[in-house]
Amino acid sequence: MGKLVGDHLQCHYHGLRFDSTGRCVRIPGQDRIPAAAKVKTYPVVERYRWIWIWMGDPGQADPDQITDFHWLQDENWGAKSSYLHVKANWQLVVDNLLDLTHLAFVHESTIGNAALAEHAVVKVTAAPSNVVVTRWIVDQPAPADLRQSRRLREQRRSLADHRLRAPAFLRLDVGATPTGTGAPEGTRVNGSACATSMPSRRKTETTSHYFWGQAHDFDVKNQETTNKIFEQIQSAFFEDVEVFSAQQRNLDLMPNAPQLDINADSGVIQARRILDRLTARSKPRCG
C-alpha cells in the first residue's frame with residue numbers, strides 16, 4: 001500500500017521511508033532515526049521479465065541457479081507472460097504439468113486430443129534434482145487449436161518435452177514437424193515450436209502462486225499471433241485451475257484417502273521422490 005519515492009519505499013501509514021537495504025532513512029516530524037527502524041530485505045534478481053526472490057539465507061543466494069527461461073526475452077521468440085492465483089497446493093500444479101495425458105480430457109476442445117493419451121510414446125528420465133518427460137505423438141491429427149494454423153495442421157509429428165527443476169520450475173517444449181524428417185534424432189525440419197515456462201510457489205498449504213509465460217518461434221514479430229497463442233494457453237490454464245481447486249477440495253474432505261498410481265504418473269512419482277528428499281534434507285536435526 002506504500003509507494004516509491006525516488007529509490008526509497010514510503011510506508012502508507014506514517015510515511016516512514018526505507019532504502020534498498022531495509023534501513024529507515026526518514027521519519028516525518030523527527031530528525032533522529034532509531035537503529036531498530038529497519039525491515040527485513042531479500043536478494044532479488046530481474047531476469048526473463050520476472051523478479052526472482054531468494055527467501056532463504058542471503059549468503060546462499062546464487063543467481064546462476066535460476067532456471068533458464070530465456071525464451072521470454074529472446075528477440076528470436078514472441079512471448080507473453082501472466083500470473084494465476086490457485087486455490088490448491090503447489091504440488092498439484094507440478095503434478096499436472098508433468099503428465100500431459102490430461103490434455104485429452106480437460107482440454108479436448110482446445111489444446112488436446114485423444115492422441116496425447118492413446119498414441120504417445122513416453123520416456124521419463126530422472127536426475128538428483130530434475131525430471132524430464134518426453135512425449136512423442138507420431139502421424140496423428142493436431143489438437144483443435146493447432147488445426148486453426150495451416151502450417152501446424154500439415155505437420156504430423158509432435159513433441160512435448162516437459163522438464164521439472166526442483167522444487168517447482170517447469171519448462172514445456174511443444175513442437176510439430178512433418179513425419180519422417182528426423183525429429184526424434186533432433187532435426188526439426190520446417191517445424192514449429194512453443195515453449196511454456198512456469199515457476200510455481202507455495203503461498204499456503206492450500207493456495208499457490210502460479211507464474212507462467214509462453215513463447216513461440218514463428219511469426220515472432222506479430223503481436224496478434226503472440227496474443228492469440230497466449231489466449232489459447234490461458235484458456236487451457238483456466239481449465240486446469242478448476243481441476244486443481246476441485247482436487248484440493250476433495251483432499252480437504254478426505255486427507256488420508258488412498259491414491260492409485262498408473263503409468264501416466266511415472267514423471268509425477270519421480271518428481272515427488274525428489275521433493276521428498278529435498279524436504280527431508282532441509283529439516284533441522286535434533287540430538
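**Close-up views of a predicted model**

**View 1. V86 and the residues around it.** Leaving aside residues up to four places away in sequence, V86 touches V93, T206, T207, S208, Y210, V241 and F244, where a contact is any pair of heavy atoms within 4.5 Å. A quick note on what you're looking at: this is a predicted model, in which local features need pLDDT of at least 70 and side-chain atom pairs count only at pLDDT 80 or more, while totals for chains, interfaces and linings use all residues. Residues are numbered from 1 along each chain as its sequence is written, and side-chain values use heavy atoms, with hydrogens and water left out. V86 itself belongs to strand 7, residues 78–86; helices (H or I, at least four residues) and strands (E, at least two) are DSSP runs, numbered from the N terminus. Is V86 buried or exposed? It's buried, because its relative accessible area is 0%; buried means under 20%, exposed over 50% and partly exposed in between, with a 1.4 Å probe and protein chains only. One of its contacts, Y210, sits 124 residues away along the chain, yet the C-alpha atoms of V86 and Y210 are separated by 6.8 Å.

**View 2. W50, W52 and F69.** A search of the whole structure turns up ten aromatic pairs, that is, rings of Phe, Tyr and Trp (its six-membered ring) with centres within 6.5 Å, called stacked when the planes are under 30 degrees apart, edge-to-face when over 60 and tilted for the rest. W50 and W52 make an edge-to-face pair, because their ring centres are 6.1 Å apart and their planes meet at 70°. W52 also pairs with F69, this time stacked, at 6.0 Å centre to centre and 15° between the planes. Why does this pair tie together separate parts of the chain? Because W52 is in strand 6 (residues 50–53) and F69 is in the loop between strand 6 and strand 7, parts that are 17 residues apart in sequence. As for burial, W50 comes in at 10% relative accessible area, W52 at 11% and F69 at 0%, and each counts as buried.

**View 3. An aromatic cluster, plus a lysine.** Y210, W212, F230, F237 and F244 form one aromatic cluster. Y210 and F244 are among the contacts of V86 from View 1. What sits over the ring of F230? The charged end of K80 does, 4.6 Å from the ring centre; for this, NZ of Lys or CZ of Arg has to be within 6 Å of the centre and within 35 degrees of the ring normal.

View 4. Y48 is in the loop between strand 5 (44–47) and strand 6, and counts as buried because its relative accessibility is 10%. D219 is in the loop between strand 13 (207–216) and helix 5 (223–253), and is partly exposed, at 42%.

**View 5. Zooming back out to the protein.** There are six helices and 13 strands, and 38% of the 287 residues are buried. Among contacts between residues at least 6 apart in sequence, 53% join residues at least 24 apart.
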